[in-house]
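Colleague: Could you walk me through the labels on this model and the cut-offs behind them?

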Amino acid sequence: MNRIRIKEDIIRNENAKKDITIIHIADIHFSINTKFKDLEKLKNKISLNNPDYLVITGDLIDEPSITKNKYKIKELLVFLTELSKFTKVLISLGNHDIFVEEDKIFFKKINEIKDIYILDNTSYQDEYIYIAGLTLPTQYYYNISNDESAEALLNELKNQRKLLGSRLPRNIPKVMLIHSPLKLTENQVLDKLSDYDLILSGHTHNGMVPSLLDKLIKNNKGLVAPNKKLFPDTSRGKIEKYYKGKNVTIIINGGITKLSNKSGKFLSSFNWLYDKNVNKIIITKKRGKYYE
């Protein structure tokens, strides 16, 4: 158990100028208990797949206080720097990464490392791809309803119009990174995001489905959501939505760490029940048996 498991998806896109390989991970939840040798194994696995881009969709750290531990946080910085030597690294922010605005100081420093991009309501673009990262506001995760808020998500999208609509390039694949997937299939949300070809998320930790049960539980249903609600529908795997005459693909990464340090010493000891999930996504214009 607790092996690194890679799931491959092929996404057809008429605007792809070449085959693009994206490695997608999420929820490292780096903490005092994270073992550097595990990061090394993950880095080596990613390297073997020769990605053009590595995206990390939130919860890079377990809580902002770890950034004050200059000895431990150096391990994370070494890991990220080593990754950036062979691929571009694009990171969006999750609810564990930031609690207050000053928590972003660490991420601003990471952003200074060559070929690492913190997408905090910003975007990256080159000749082959456009990748944006939306940072969900605190009130999205934590509010009086004890549920994640589609209203807060929609309000944030209204505030970040530079990432939507006519401002987007038309001749290359477009990817959006959003930490939580739980409200992404609602029509009002899809209406705002339908110009994107691919939406990548994390947050749900594979719906907390143990690896042994992964194939038994069908569709995108999980056992429990981060807000403790049971049997969430949008919590794992790939979701294809046809909206306004266009296919939008959502891929939810199952996470590297399922039970983090913040879960408590007892619960985090059960991480061995879960694989570390990595998505390999190939965006291609080609057709044929291999690409269907």
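This is a predicted model: local features need pLDDT of at least 70, side-chain atom pairs count only at pLDDT 80 or more; totals for chains, interfaces and linings use all residues.

Modeller: Residues are numbered from 1 along each chain as its sequence is written, and side-chain values use heavy atoms, with hydrogens and water left out.

Colleague: What makes lysine 72 and glutamate 75 a salt bridge?

Modeller: A salt bridge is a side-chain nitrogen of Lys or Arg within 4 Å of a carboxyl oxygen of Asp or Glu. The closest N and O atoms of lysine 72 and glutamate 75 are 2.9 Å apart, so the pair meets that cut-off. The structure holds 18 salt bridges.

Colleague: How far apart are lysine 72 and glutamate 75 in helical turns?

Modeller: About one turn, because the two are three residues apart in helix 2 (residues 70–84). Helices here are DSSP runs of H or I with at least four residues, strands are runs of E with at least two, and both are numbered from the N terminus.

Colleague: Why is lysine 72 called buried, and what is glutamate 75 called?

Modeller: Buried means under 20% relative accessible area, exposed means over 50%, and partly exposed is in between, with a 1.4 Å probe and protein chains only. Lysine 72 has 11%, so it is buried, while glutamate 75 has 24% and is therefore partly exposed.

Colleague: Which residue does glutamate 82 bridge to, and how do you know whether that partner is buried or exposed?

Modeller: Glutamate 82 forms its salt bridge with lysine 85, the closest N and O atoms being 2.9 Å apart. Lysine 85 has 60% relative accessibility, so it counts as exposed. Glutamate 82 is partly exposed at 25%. Asparagine 44 in helix 1 (residues 36–48) is 38 residues from glutamate 82 in sequence and 9.9 Å away in space, C-alpha to C-alpha. At 40% relative accessibility, asparagine 44 counts as partly exposed.

Colleague: What makes lysine 238 and glutamate 240 a salt bridge?

Modeller: Their closest N and O atoms are 3.7 Å apart, so this pair also falls within the 4 Å limit. Lysine 238 is partly exposed at 32%, and glutamate 240 is partly exposed at 45%. As for networks, salt bridges that share partners join Arg3, Arg5, Asp214, Arg236 and Asp275 into one.

Colleague: What is the phi of aspartate 59, and where does the residue lie?

Modeller: Aspartate 59 has a positive phi of about 55 degrees although it is not a glycine. Aspartate 59 lies in the loop between strand 3 (53–57) and helix 2, and its 1% relative accessibility counts as buried. Asparagine 121 also has a positive phi of about 55 degrees without being a glycine; its loop runs between strand 5 (116–118) and strand 6 (122–125). With 12% relative accessibility, asparagine 121 counts as buried.

Colleague: Why is valine 89 called buried?

Modeller: Its relative accessible area is 0%, so valine 89 is buried. Valine 89 sits in strand 4 (residues 88–92).

Colleague: What makes up the nonpolar surface patch?

Modeller: Phe266, Leu267, Phe270 and Trp272 make a patch of about 450 Å². Patch members have over 30% relative accessible area and no salt bridge, with nonpolar side chains (Val, Leu, Ile, Met, Phe, Trp, Tyr) joined within 5 Å and like charges within 9 Å. Areas come from the Shrake-Rupley method with a 1.4 Å probe, and for residues only the protein chains shown count as cover. Leucine 267, in helix 7 (residues 265–268), is partly exposed at 41%, so it passes the 30% limit.

Colleague: How large is the largest cavity, and which residues line it?

Modeller: The largest cavity has a volume of about 30 Å³. A cavity is a set of points, on a 1 Å grid over the protein atoms alone, where a 1.4 Å probe fits but cannot get out; lining residues have an atom within 4 Å of a point. Among the lining residues are Arg5, Asp214, Lys258 and Asp275.

Definitions and conventions. On a 1 Å grid over the protein atoms alone, a cavity is a set of points where a 1.4 Å probe fits but cannot get out, and a pocket is an open set with protein on both sides within 12 Å along at least five of seven lines; lining residues have an atom within 4 Å of a point. Grid points are joined across faces, edges and corners, and a volume is the space filled by probe spheres set on the points.
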